[in-house]
Amino acid sequence: MGSKKIDTKWVRLDMGAPLDRQVEQWGKAIRQGELVAFPTETVYGLGANGLDAQAAKKIYRAKGRPSDNPLILHVSGMDMVSPLVERMTPLEKKLMECFWPGPLTLVFPASSNIPSMITGGGSTVAIRCPDNPVAQALILAAGVPIAAPSANLSGRPSPCSASAVMHDMDGRIAAVLDGGSCRIGLESTVVACGSDGIVIYRPGAVTTEMLGAFAPVKLDDALVSGEGIPKAPGMKYRHYAPQVPVHVCIGENTALESYFSALYQEGVGFLISEETAQHLPNEENVLVWGKRRDVERLASCLYESLLDLETKSIREIFVEGVTESGMGLAVMNRLKKAAGYDIREVDR
Ligand code: TXA
Ligand code: MG
């Protein structure tokens, strides 16, 4: 870690006014090799010039990220993709047309323009087009693809607000552009297209069910078994984790409700549904995401809730799991990793 601290600017954007002028200097800063964090519809990204190996190197240093873990390039539209890839298939084109801008990242064979610092030394490059006006304006102002991992220290929950970015990145980056909280709250779906269909490397808000309308879909084997080497190198690390142990509990509703109410005590944190919360005291260590079936609400508050409980001098956190369909697959993927795969099946 560099010893000289940077004076990180917290740039509060006026979301009611045109953004191009407000982000112009930060686009320029990115082009010139600085790190600038910015909001996307998924989580905040830590942006650097995606064609500049030295700038990308700064990302790894700021995050404390292992250098074999490749970065996603963020573009403002499909027209920016051709120079970055070796080739594009009809299926990939169709997915970009249908889901961009939005939370879908595609892995392509990389063109020779891409620094190996971006690809993690591999032959592929991940590209996504974010659906957030600040992200869009910043990419246009930079005039280059922006390499951006989530703007957290490696292994920690991804930030969904500028204050969460500052918590991890203050003193390490030039600025954070504050565009409010992120709509989705979980990182993008990462996929690769092959001759036999689509493989999901990381589940997200573009779900298996949605992709299935275009081609056969399968999950990367390592995601299903929790073993072996995942295709998205980032998925192999313990991840998304607060500093206190997390446990995930799943099971039949009434069994879960009595299990949680028996667990309740001071110093233990909970993130549970409204239904389960009826059986627990209404205290500040009990966070409620909404109705049990409202998995999108859980996704959007998951990281913030873990970070919030972490600050409340709590010894351990129990989270109510959800069904692994639709967005529930992404939520459970992140929860399992946050919990280091400590999943408790409750049956009575
Ligand atoms: O929603 C998102 O994708 C956010 C926002 C900021 O856009 N970004 C993000 O980046 O989550 P990061 O670096 O935290 O996660 C990128 C994931 C990692 O698991 C990485 O291993 C995988 O994508 N990845 C990147 N390039 C890849 C490649 N060429 N092949 C396979 N996996 C790749
Ligand atoms: Mg990340």
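This briefing covers the overall build of the protein and the setting of residue T42. The model is predicted. The protein contains 12 helices and 16 strands, and 56% of its 348 residues are buried. T42 is in the loop between β2 (36-38) and β3 (45-49).

**Overall dimensions**
- The radius of gyration of the protein is 20 Å, which agrees with the value near 20 Å that a compact globule of 348 residues would have.

**Contacts and surface**
- Of the contacts between residues at least 6 apart in sequence, 66% join residues at least 24 apart.
- The protein exposes about 15,000 Å², and carbon and sulfur atoms supply 49% of that area.

**Charges**
- The protein has 35 positive and 40 negative charges.
- The mean positions of these two sets of charges are 6 Å apart.

**T42 and its surroundings**
- T42 counts as buried because its relative accessibility is 3%, under the 20% cut-off.
- The side chain of T42 makes a polar contact of 2.8 Å with the side chain of T40.
- A polar contact of 3.1 Å joins the side chain of T42 to the side chain of R128.
- R128 is also listed among the residues that T42 touches when those up to four places away in sequence are left out.

Methods
Residues numbered from 1 in each chain as written. Chains lettered and ligands numbered in written order. Predicted model: local features only at pLDDT ≥ 70, side-chain atom pairs only at ≥ 80, totals over all residues. Heavy atoms only, no water. Helix = DSSP H or I, 4+ residues; strand = E, 2+ residues; numbered from the N terminus. Rg over C-alpha atoms; globule rule 2.2 N^0.38 Å. Buried < 20%, exposed > 50% of the residue type's maximum accessible area, 1.4 Å probe, protein only. Contact = heavy atoms within 4.5 Å. Areas by Shrake-Rupley, 256 points an atom, 1.4 Å probe, with all protein chains shown as cover. Lys, Arg positive; Asp, Glu negative; His and termini not counted. Charge placed at Lys NZ, Arg CZ, Asp CG, Glu CD. Polar contact = N/O pair within 3.5 Å; in protein donor to acceptor, adjacent residues only side chain to side chain.
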